[in-house]
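Reader: I have a model open and I'm new to it. Can you walk me through how its parts meet?
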Amino acid sequence: MSRTILVFAERRDGQLRRVAFEALGAARRLAGEDGAVHAVLAGSGVAAEDAAALQARGADVVHIADDPSLKDYAPEAYLAALGAAMDAVRPDALLLGHTGVGRDLAPRVAAAYGAGHIADVTAIEASSGDDIGFIRPLYAGKAFERRSFAPGRPWVVTVRPNNLPPAEPADAGARGGGSAQALAYAPPPLLTAVRGVLRRASGQLDLAEADVVVSGGRGVRSAAGFEPLRALADALGGAVGASRAACDAGYCDYALQIGQTGKVVTPQLYIACGISGAIQHLAGMSQSRTIIAINKDPDAPIFGVADYGIVGDLFEVVPLLTAEVLRVRSS
Amino acid sequence: MLKIVVLLKQTFDTEEKITVTPQGVDERDAKFVINPYDEYALEEGIRLKEKLGGEVIVVTCGEERAQEALRTALAVGADEAVRVDAAGLPDDSFAIAEALAAVIKPLAPDLLLAGLFAVDTGSGSVALQVAERLGLPHASAALKLTVGSAAELGLTRPAEAQRYALVERDAEGDTETVALPLPALVTAQQGLNEPRYPSLPGIMKAKRKPLRTVDLSELGLSAAARTVRTALFPPPPRAAGKRIAGSPAEQAAELVKLLQSEAKVL
């Protein structure tokens, strides 16, 4: 089975996101040996090395829409760019990251092209036949479903960051390097005017893409109580998250909330500090690869999902842990 | 006067455990609520109505139990409710959006509000597909919403529309401010507002408010699914791991050692 796959290679702050390579890796698998993988790069001032990076990892053709109207994220502009790529490539499937932008664009493209949409995919079961299974969480991970597309229509798939193996240079193999070309993109009349962006997240890794998440709950006791957690996250090159209890108490912003309401994260390492482990929080983090729980209460439910548990005061343990990590890292 | 339509879904309470059976997710004795993100959308719709005048119509797609969610919405201040009967409707965002768009189109709302996503299926797809079908622009993940004329909102661009929505939206932690002309879809992020609880007089009044049910045949839709569930399974079980004993310093040292040697994440 060979297919033509289009990947939306998302950029953020002028850089290709890792999830773009993860989508590209999935596209290469879905396309099959004789299939074709196209990627669309949209933005203002798109770097040539981004196109080259995609080509080197298995994109046969990179379509570039470089226009001032794509500087900020106005949905109409990005939808027009994606539409131009859809019309040029006429793919069997469009793949995007299940990110703020990807999940904003995918449903509209699906509706516009009569396509089905399978969202937030964490694994793909690709056999040699026609049947492709897309695995995705329900209830934020309290259950999972396998979903397939009905035949005869294009597919739109959004893939969760951090779950699928990224495309590697080896995936391009002997494919001949690929090519890059300008997309026939004409800026549409813009309805959405972006009036300003307040960069609150700069300097902080995106939670969904972080390899390490250090998360605090009610036990952190105050906004200042997050400081030792931040220091540990910095030492590990990770991001800081929080439980609903900590957000509701005003210790931190809702943007950091992890759980069934809030974000679902699947990092390599999740460190829960002063989090009891309410069901709705567990749903948002229990698919992490390795989980550490630090809590004063030996009966806290969080210990039930933790690979390593420390019963103790996070204000004592976390700074010692940070120091130990820094010591090991420097030696 | 604003005509506001709020898309709403009834979901499992987030504190509920989910049990997978061969027949699907076990719904016996489950507590159902309005999807928390839709609650923010509903509250915002009611606040806008209270400020600017107008009406709020809640629209859902669901089985009969979803009536309870609609009654709750009416009790907190919605004026009218419509349920698209899920009987015969496939479990697929494309088909559901098609049915909802068919119901909403004749209502010709000035503002369509919905939650960012539903906490059960978690796709965040239906509301945006409805907007595409109705040709409405959208702004997702609103943290603050103001509706007014271009002059009232201080917009300098030519006034093509009578009214605009000024939206502060969450862009993965950044806050983006966007203006868009009505009619439009705005989806609600957590933190948009603090939803109210139904009052006793509100609950009494809700009993007399119009609630109608529409079925697929009335909409003249074929409801062709684009996607289908082929399996449902529980998450891989997670066994509780090791407790690390000792003084805090010993615990920290032991943990880092285990992360290096055993978990190989350092």
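Reader: How many residue pairs are in polar contact between chain A and chain B?
Author: The count is 42 residue pairs, both residues at pLDDT 80 or more. A polar contact is a pair of N or O atoms within 3.5 Å; within protein, one must be able to donate a hydrogen and the other to accept it, and residues adjacent in sequence count only if both atoms are side-chain atoms.
Reader: Which helix of chain A gives the most to the side that touches chain B?
Author: Helix α8 (residues 314-330) of chain A, with eight residues. Helices (H or I, at least four residues) and strands (E, at least two) are DSSP runs, numbered from the N terminus.
Reader: What should I know about the model itself?
Author: The model is predicted: local features need pLDDT of at least 70, side-chain atom pairs count only at pLDDT 80 or more, and totals for chains, interfaces and linings use all residues. Residues are numbered from 1 along each chain as its sequence is written, chains are lettered from A and ligands numbered from 1 in the order written, and side-chain values use heavy atoms, without hydrogens and water.
Reader: Back to the interface. How many salt bridges cross it?
Author: Seven, by the rule of a Lys or Arg side-chain nitrogen within 4 Å of a carboxyl oxygen of Asp or Glu. One of them joins B:Glu172 and A:Arg12, at 3.8 Å, N to O.
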